[in-house]
Amino acid sequence: MAQLSDDCFAFGGPMMSVDEAVAIIAARVTAIEDTETVALEHADGRVLASGIKAALALPPFTNSAVDGYAVRGADLAGGGEQTFPVSGRIQAGALAGDTIATGVAVRIFTGAPMPAGADTVFMQEDVRIDAAGNVVLPQGLKVGANVRPSGEDIAEGNSVLSAGQRLRPQDIALVAALGLTSVEVKRRLRVAVFSTGNEVVSPGAPRAAAQLFDSNRFMLTAMLKRLGCEVADLGILRDDRIALALALKQAAAGHDLILTSGGVSTGEEDHIKVAVESVGSLVLWRMAIKPGRPVAMGIINGKPFIGLPGNPVASFVTFTYVVRPTVQALSGTPRRRQMPIPVRSAFTYSKKMGRREYVRVSLREGADGMLEAVKFPREGAGLLSSLVETDGLVELGEDATIVKPGQTVGFLDYSSLI
Ligand code: AMP
Ligand code: MG
């Protein structure tokens, strides 16, 4: 398991930008090394441990792209229709048979191998069959049309997938097309998740008047699972330094990452800081991000620890910008910048210079067909409805101070964030 040094997240400055935080994580968290072999049907979302080269060209043999008639391109003359006798028939999966004779057409179907000598296929929709059973070919088809040459998709020996890549359905299709039945992937990360706070109780448990049901643990678990992690739900910890310290230390023994929510501010009832410092080392990053507040990063027994803020929206947003890059670094996945989609703002918003802010928005289609972002009417970081009733976040960069209706802004769909 990867071990990190105690001061790996140390940072001297007062307020850290999101990009700085992400760069520190990427530079200082090392990937786990353990790998396992999984069958293709279990490979979705897994991280490739080593690159894959094509041991087979794709397509493996030259074949017809359409149902039609194969001919020699050299037999095609310039002006007018041409009539060829039809000699032979090749179905998909059948052998190509003999070399095509000069001046004839071979009936052929999509995916069937081209007979040697033939290099062009007329689509059946473009030809006629005359009374004698010959095929009448129109003029003007280019030599080589409607043929898929062997290796046009992927040449034999090419690198097709790289180590660290998270497999998507289309990647798995490619691996299958190469004839492989399994892939070597990183083992799943084991992440321990806790909620903290005396006011937080599990759904299903009795709730006192001043308590609320834990929502963060379920949200964070779901987000981690979408990132391919194996999650250990370790319940709710009370605002008690000693209990917290003990639980965190135990969790560090069997997990690659420890994640908590709540208790990371610096009030006297926020105990995460002291607890982590008693069993490891901790830095609190005041990140220039809204919604956000401080995020705690630390090391316990060589394992990264992340303490997210308790407010659900702050937890959600900081997960994306702190936990996600950490999970990627631990699994050896190169980080890709999320790419906001340009949409038109339908709202007015002013923000602080130097801070990155995320506005919860719904999308609608404007009168001219362009997508417009409509801001959720309220802004509290505790409003779950603001996440549930919207489609994503508008990202406002550090330099922006005001957004006006009609302006183009960058939109991130929730599904692209996790
Ligand atoms: P804290 O970060 O501990 O100061 O908590 C900030 C706010 O988030 C408080 O109102 C907490 O009650 C709330 N909160 C903390 N943890 C959770 C949780 N697991 N689920 C829902 N709300 C929470
Ligand atoms: Mg608290």
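The text below moves from the whole chain to aromatic pairs and then to backbone geometry.

The model is predicted: local features need pLDDT of at least 70, side-chain atom pairs count only at pLDDT 80 or more, and totals for chains, interfaces and linings use all residues. Residues are numbered from 1 along each chain as its sequence is written, and side-chain values use heavy atoms, with hydrogens and water left out.

**Overall form**

The chain contains eight helices and 29 strands, taken as DSSP runs (H or I of at least four residues for helices, E of at least two for strands) and numbered from the N terminus. Its radius of gyration is 30 Å, well over the 22 Å that the globule rule gives for 418 residues, so the chain is more spread out than a compact globule. The radius is taken over C-alpha atoms, and the rule is 2.2 Å times the number of residues to the power 0.38. The C-alpha trace spans about 95 × 50 × 45 Å along its principal axes.

Of the 418 residues, 47% count as buried; buried means under 20% relative accessible area, exposed over 50% and partly exposed in between, with a 1.4 Å probe and protein chains only. Among contacts (heavy atoms within 4.5 Å) with a separation of 6 or more, 71% are between residues 24 or more positions apart.

**Aromatic pairs**

The whole structure holds four aromatic pairs. Rings of Phe, Tyr and Trp (its six-membered ring) pair if their centres lie within 6.5 Å; planes under 30 degrees apart count as stacked, over 60 as edge-to-face and the rest as tilted. Phe-9 and Trp-285 have ring centres 5.9 Å apart and planes at 90°, so this pair is edge-to-face. Phe-9 precedes helix H1 (18-28) and Trp-285 lies in strand E19 (residues 280-285), 276 residues apart. Both residues are buried.

Tyr-321 and Tyr-358 form a stacked pair, 4.9 Å centre to centre with 25° between the planes. Tyr-321 is in helix H6 (residues 312-331) and Tyr-358 in strand E25 (residues 356-365), so the pair ties together parts 37 residues apart in sequence. Tyr-321 is buried at 1% relative accessibility, and Tyr-358 is buried at 3%.

**Backbone geometry**

Most residues other than glycine have a negative phi, and most peptide bonds are trans. The table lists exceptions.

| Site | Feature | Value |
|---|---|---|
| Leu-58 and Pro-59 | cis peptide bond | omega about -10° |
| Lys-290 and Pro-291 | cis peptide bond | omega about -5° |
| Asn-146 | positive phi | near 60° |
| Asn-301 | positive phi | about 50° |

Pro-59 lies in the loop between strands E2 (52-53) and E3 (63-64). Pro-291 is in the loop between strands E20 (289-290) and E21 (295-300). Asn-146 is partly exposed at 24% relative accessibility, and Asn-301 is partly exposed at 43%.

Terms used
Chains are lettered from A and ligands numbered from 1 in the order in which they are written.
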